[in-house]
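Welcome, and please take a moment to turn the model around before reading on. The paragraphs below will lead you through it step by step.

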Amino acid sequence: MHSKVWDSIFRSKLPINTNLDRSLVIFNSLTLHIHPVKVREKAIKFSYTFYLGMISFFLFIILIVTGVLLMLYYQPAIPNAYENMKDLQYVVSNGMFLRNLHRWAAHLMVISVFLHMIRVFYAGAYKPPREFNWVVGVVLLVLTLLLSYTGYLLPFDQLSYWAVTVGVNLIQYIPVIGEKTKFLFLGGHEIGEYTLVRFYVLHCVILPLVMVLLIAFHFWRIRKDGGLH
Amino acid sequence: MNNIIENKTEVSTEPLKVPRRIAIFPKETPVKFQKEIIEEKLVQSFPNLIIREVICFQLVVIVVTFISLFVDAPLEELANPMNTPNPAKAPWYFLGLQELLHSFPPLVAGVLIPILVVIALIIIPYFDINIKRYGLWAKDRTRTLIYLSFSFTIVSIISILYKAYGIFFPSLIIYLMMLVPFFVPHRKGIIGWFYKMSLSEWIVGWFIFMAVVLTIIGTFFRGPGWGWVLPW
């Protein structure tokens with residue numbers, strides 16, 4: 001392990017014996033340097049946070065990986081989208097498993113993000129100086145719901161079509177801008193090919209992009225506001 | 001500002017005789033909430049935190065994998081705009097709202113309430129007056145009882161008027177729970193816990209309880225024509 005190749009890839013030198021070495025592991029890693037070098041022993045106990053934020057983030061990672069793989073088999077068109085679902089079930093190896101992973105991780109993420117919010121509230125962890133990070137968290141909750149909702153239409157079966165119809169019909173009740181907003185989202189007066197494309201772009205590009213940026217900001221603020229330290 | 005010590009300006013080149021003032025203190029320090037800083041034990045992030053993250057990630061993957069192995073994602077027939085299912089249901093996390101839609105006009109249930117909930121969530125940290133979270137019954141019990149009962153009466157009248165029993169009954173349960181510490185002097189166990197809960201904690205608890213009840217009703221107890229059905 002302790003070779004020239006290892007040393008060239010990982011900036012931390014083995015063996016890790018002292019607390020200085022342990023600190024350098026964090027310092028010298030792009031993926032780990034978001035952590036403080038030391039944390040409060042109490043703050044990393046399971047009973048303190050139930051790791052709900054962490055769980056939400058890991059579910060999001062699973063969703064990105066499975067989502068990208070699902071994109072390889074998906075065409076946002078009618079009736080291709082629905083046929084793709086059938087292909088995933090009967091033609092693609094482990095296709096159904098892949099779709100299951102994506103769907104159940106999404107449902108679990110809605111639950112874990114909601115529970116995370118409740119935990120933060122009852123711990124009073126939104127108090128100064130963390131007010132704004134709470135606001136970012138609320139936006140992340142809304143984004144999670146929107147991501148889940150836009151993804152709901154994509155299989156384009158009866159279930160997704162009518163579930164989205166129920167929600168979209170509410171948009172037109174917004175005073176003044178209701179009709180225009182509905183048209184904007186649907187790309188027409190009712191759900192059709194362009195709705196599918198718009199939801200697809202929202203679900204696979206726009207919303208995940210905003211989500212990733214806000215998650216990064218959320219984590220950064222945890223550090224700056226003195227989260228674990 | 002009138003309790004600030006009167007400050008005379010004396011100019012002198014002799015620093016021992018006329019010391020320079022660097023700060024002026026009011027006679028009484030203003031009452032401010034100062035968070036107590038307690039020295040806590042720190043541990044190295046590596047490996048203490050990192051190992052927990054890795055194990056957490058593995059467990060999340062394992063749980064999702066197991067669910068996915070045994071439960072298939074639903075897929076019905078191709079979408080058909082001509083064939084409306086009865087009832088047409090939104091995704092489960094919006095069924096609480098759809099349940100409200102059954103009782104209230106769409107502008108209220110579909111637009112006003114979601115927007116108000118999001119706004120309420122956003123302003124929580126900025127309107128947290130009771131930052132130390134004194135219990136609901138900590139002071140002026142009679143006035144608290146009057147305000148509380150008045151608020152509950154308004155919620156009840158609105159929800160019964162609109163036949164929104166999914167709001168009325170959870171609110172009634174929470175209201176009765178809030179009243180327990182007022183009538184029972186016992187301060188231990190669950191009643192002591194109730195006694196310690198602040199108003200904001202009660203309100204959020206009420207919101208969560210109602211969201212859960214409405215979602216469960218919408219998911220399991222609503223059938224054709226949004227009529228009441230039993231899931232078994």
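Helices here are DSSP runs of H or I with at least four residues, strands are runs of E with at least two, and both are numbered from the N terminus. With that in hand, the place of A:Tyr51 can be given as the loop between helix 3 and helix 4 of chain A. Two notes on reading the model belong here: residues are numbered from 1 along each chain as its sequence is written, while chains are lettered from A and ligands numbered from 1 in the order in which they are written. The model is predicted, so local features need pLDDT of at least 70 and side-chain atom pairs count only at pLDDT 80 or more, whereas totals for chains, interfaces and linings use all residues.

How confident is the prediction? The model scores ipTM 0.94 and pTM 0.89. Per residue, the predictor's confidence is given as pLDDT, on a scale from 0 to 100. Chain B has a mean pLDDT of 86, and 84% of its residues reach 70 or more. In chain B, helix 1 has the highest confidence, at 96, and helix 6 (residues 189-196) the lowest, at a mean of 89.

Let us stay with chain B and look at its layout. Its secondary structure comes to seven helices and one strand, and from the N terminus on the elements run β-α-α-α-α-α-α-α. The chain is divided into domain 1 (43-72) and domain 2 (92-226), with bounds that come from an automatic or database domain assignment. Taken over C-alpha atoms, the centres of these two domains of chain B are 35 Å apart. A residue is called buried if 20 or more other C-beta atoms, placed from the backbone, lie within 10 Å of its own, exposed if 12 or fewer do, and partly exposed in between. By that count, 15% of the 232 residues in chain B are buried.

Now to the place where the chains meet. Two residues are in contact if their C-beta atoms, placed from the backbone, lie within 7 Å. In these terms, 55 residues of chain B are in contact with 64 residues of chain A. On the chain B side, strand 1 (42-44), helix 1 (45-70), helix 3 (106-123) and helix 7 (199-220) each give two or more residues. Helix 1 of chain B gives the most, with 14 residues. This side of chain B divides into 36 nonpolar, eight polar and 11 charged residues; Ala, Val, Leu, Ile, Met, Phe, Trp, Tyr, Cys and Pro count as nonpolar, Asp, Glu, Lys and Arg as charged, and the others, Gly among them, as polar.

The strands also link the two chains. Strand 1 (residues 38-40) of chain A and strand 1 of chain B run antiparallel and are joined by three bridges; strands pair if DSSP finds at least two bridges between them. Within this pairing, A:Val39 stands opposite B:Val43.

What lies in the largest nonpolar core? Such a core is a set of buried Ala, Val, Leu, Ile, Met, Phe, Trp, Tyr and Cys residues joined through C-beta atoms within 7 Å. The largest one has 50 residues, and those with the most contacts inside it include A:Leu59, A:Met109 and A:Phe156. Among the elements that each supply at least two residues are helix 4 (52-71) and helix 10 (193-224) of chain A, together with helix 1 and helix 2 (95-103) of chain B. Helix 6 of chain A gives the most to this core, with nine residues. Leaving aside residues up to four places away in sequence, A:Phe156 touches A:Ile78, A:Ala81, A:Tyr82, A:Tyr161, A:Leu196 and B:Ala79.

Finally, a few local details of the backbone. A cis peptide bond joins A:Pro128 and A:Pro129, with omega about 5°, and A:Pro129 sits in the loop between helix 6 and helix 7 of chain A. Another cis peptide bond joins B:Asn86 and B:Pro87, with omega about 0°; B:Pro87 is found in the loop between helix 1 and helix 2 of chain B. Back in chain A, A:Tyr51 has a positive phi of about 55° although it is not a glycine. Is A:Tyr51 buried or exposed? A:Tyr51 counts as buried because 22 other C-beta atoms lie within 10 Å.
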